[in-house]
Amino acid sequence: MMDDPCSAEDRPEANSSNPPSIDRISRLRSGLEYIGLAVTFLLATTMLLFLVADWYYTLSITGSPTAGWFISGFQGAGEWIDFYLGSDVFWLRTTWRSIATGVLIGVAAPVLGAFLIHRQMALIGETLAHAAFAGVAVGVLVVTASGSFGWITLHSGHLLYVAALVAVGVALGLQWLTSRTDSYGDVPIAIILSGSFAVGTLLIHWGRDFATITVDIEGFLFGSIAIVTPESARLMAILTIAVVAIVGVHYKQLLFITFDERAARVAGIQVDRYNVLLIILTAVVVVGAMQILGVILVAAMLVVPAATASLLAASFRETMYLSIIFGQLSVLGGLAIALSGQLPPGGSIVVVSIGWYLLAVIGSDRTLTGLSVH
Amino acid sequence: MTTIVDVTDVTFSYGEESALEDITFSVETGEFLGMIGPNGSGKTTLLHLMLGLLEPDVGEVQLFGQPASEFDAGHRIGYVGQRATDRTGAMPATVREVVAMGRTAHAGRSRLTSEDIAAIEDAVETVDVADLLDRRIDQLSGGQRQRALIARALASEPELLALDEPTAGVDADSRDRFYGLLGELNEAGITIILIEHDIDVLTSFVGTVACLNRRLYHHGDVHAFLDSEALSEAYGREHAIIGHDHP
C-alpha cells in the first residue's frame, strides 16, 4: 500500500512543543480515523465476498452450499432489518447487491476524487458520465445487434460494459484534446459533455423502433437501485479492487504529479501515462457509479467527499483516508434515506455528502481557494 | 570539468512567434549559472529545453551527454519551478510529503528505503525546515514554502539544481538567506542554473551569466558581463544601471 515518507519513529520532534490537550485531540482524531477506515475495510470486504458468493451461487448449477449459506445470512439479516424498520426490501438479494455496489462506490470514487479535485479535473467525472450515457445508448444497439446477427449472446446486464468502453474511448479523446491545449479547459469539457449526451439522446430515440431491450432512462439519469444488475455489481467490485490496488502501488507518483506536474516530469516520471491511467480509471468508476448515483449526480461522489476531506485534513494521506470515510458515510446515509423513504438513491447520497461538506466548512477555518474550478 | 548541459544552435518558436534564436552555450560541472533577461525573453523556455521539457525546432540540447528530451535519469536533477506552476497554494500536503516527493525517482514503485529517509532528513536539515515537517505547505509563508521546495529538490541528491525564479513573492531577508544557501550548495559541488528577474541580486551571487532576449547577448563570467554592453542590448538602452560593485 501507500508509503509513509517518514515513519513515526523517524520524525523529528516537530510537535514536541504542542500542549498536552492538542496532542490528546490529535491522538483521538487519528484513532477515530483508523476506526473509520477499519470499519470501511471490513464493510467493503464483506460486500465483495457477498458479490463473489452471489456470482458463484448463480454460476453453480447445483448451487454452492457455502455461497448459499453466505447469501442466506444476508437475507436473514435483511428480514430482521425489515422487521424492525417495517420495510420490505432488505430480505431481497437485489437490495444487498445494490448496497454492496454503493459501498464499493463509496471507496473507489473518493480515492480518485482526492487526486482529481487537486488537478483541476473535478468536472471530468461529469463529462465522462455524460459520455457513459451515450455508451448506454450504444450498448442498447450492440445488444440488439448481437441478437440479430447471432454474435455472442448479450443482454441488458452487459449495457454497462459497453458504456465503460465508450467512456474510456471518450476519456482518451478528452486527454488527447487537453494535451493539445495544455489544460483541462472549459471549452473541450463543455463540448464533449453536451455532445456525448446529445449523441446518447439521438441514439436512444433512433433505436426505440427496433431495440430488443428497453432502458430505464430515468434510472440512468437520476440513479436507481433497480437498475443494478448482477453483472454491473460485479463490474463495480472488480473496478474497486483495481482502483485501490493501482492507486496503492502508484501513490507516490500520482501525488507528485498532482502537486507539481512539471517537477514530476523533470524527475523522469511518465506523466502522460499517469494522466491517461487516471482518466481511464475515472471513466470506468464513473460508469460503475452511475447506476446508483445517476449520470447527473455521479460527479458529486468524486468531488464532495474529497473536498470535505481537504478542508479538515492535515496531510494528503489524511485527505485520502477522510475522503473514503466521508464517501462511506454519505453512501450509507443516503442509501438508508433512499430505502426507507423510497427516494432516488443518487439525490439522497449527494444531499448527505453535501451535508458533511457544510459541517466541515463550519468546523474548519480553511477555504477551498485555489481548488479546481472546472 | 565535464559538460552537464550543452546547447547547440537552438531555435524554438511557439507557433509563429519566435521565442529563441540560435542559442549556443554550455554549463559545466560546478558552475553557478544565472539566466537573465526581460519578461518574455525566453529564459524559462530555454530552461525547459535544457531539462528536456521542450524539444528545439532546430539545434540540439544534450543533458548529461544524452539528448535532453530522452534523458531518463531524473534523480540527477533537482527542479523548482515558478510558484504559479505548482499546487502549493491549494494542496493539503505536508512539508514531509512534499520533501519525500524528491525521492520518487529513486524509489519508483517500491517503499522508501532507509537510504531515502536519510536523504530526506539531510535535505530537511540543510534548508532548516525540520520544525515545519508536519505543517501543510499551503499554510506557510512564501520563504518557508520555497525552502520546502528546495528541500524536495535536494532530497533527490541532485548533481544539477534548476531554479526558475524561486524567490518571486518572497521577502528580501528570506531571499538573501536563500541565495546564501544556494552559494553553500554550489560550493558543496552542486551545479546550479538559476533564473532570476532581479539583476542586482543575481549578479551578486552567481559566477556565470547568460543574458538573453530571444538571442544570447552574453554568456560568461559575471565580471565580463558587468563590463559589457550585453545588458543594455538585451533590455534596451533605457534600462537602469546596476547599482552595486561586484566583488
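This is a predicted model: local features need pLDDT of at least 70, side-chain atom pairs count only at pLDDT 80 or more; totals for chains, interfaces and linings use all residues.

Visitor: Then which residue of S9(B) is the bridge partner of B:Met35?

Guide: Start with the strands: S3 of chain B, residues 32–36, is joined to S9(B) by four bridges, and the two run parallel. B:Met35 has its bridge partner in S9(B), and that partner is B:Ala210.

Visitor: What about S9(B) and S10(B), do they run parallel or antiparallel?

Guide: Six bridges link S9(B) with S10 of chain B, residues 215–221. One of the pairings is B:Thr208 with B:Asp221 in S10(B). The direction of these two strands is antiparallel.

Visitor: Which residue sits in the turn of the hairpin that S9(B) and S10(B) form?

Guide: The hairpin has one residue between its strands. That residue has a positive phi of about 70°, and it is B:Arg214.

Visitor: Why is S9(B) said to be largely enclosed by the rest of the structure?

Guide: Buried here means under 20% relative accessible area. S9(B) covers residues 208–213, and it is largely enclosed because the number of its six residues that are buried is five.

Visitor: What percentage of chain A counts as buried?

Guide: Chain A exposes about 16,600 Å², with carbon and sulfur atoms supplying 68% of that area. Among its contacts between residues at least 6 apart in sequence, 76% join residues at least 24 apart. Of the 374 residues in the chain, the buried share is 53%.

Visitor: How far apart are the end C-alpha atoms of H2(A), residues 65–85?

Guide: H2(A) has 21 residues, and at 1.5 Å a residue they should span 30 Å. The distance between the end C-alpha atoms agrees with that: 30 Å.

Visitor: What arc around the axis do the buried residues of H2(A) cover?

Guide: The buried residues are A:Ala67, A:Gly68, A:Ile71, A:Phe74, A:Gly78 and A:Asp82. They lie on the same side of H2(A), because the arc they cover is only 125°.

Visitor: And which residues on the other side of H2(A) are exposed?

Guide: Exposed means over 50% relative accessible area. On that other side, the exposed residues are A:Pro65, A:Thr66, A:Trp69, A:Trp80, A:Phe83 and A:Tyr84.

Visitor: Last one: which residue follows H2(A)?

Guide: Its phi is positive, near 70°, and the residue is A:Gly86.

Key. Residues are numbered from 1 along each chain as its sequence is written. Chains are lettered from A and ligands numbered from 1 in the order in which they are written. Side-chain values use heavy atoms; hydrogens and water are left out. The expected span of a helix is 1.5 Å times one less than its number of residues. Buried means under 20% relative accessible area, exposed over 50%, partly exposed in between (1.4 Å probe, protein chains only). The arc is that of the directions from the helix axis to the C-beta atoms. Two strands pair if DSSP finds at least two bridges between them. Contact means heavy atoms within 4.5 Å. Accessible areas come from the Shrake-Rupley method with a 1.4 Å probe; for residues, only the protein chains shown count as cover.
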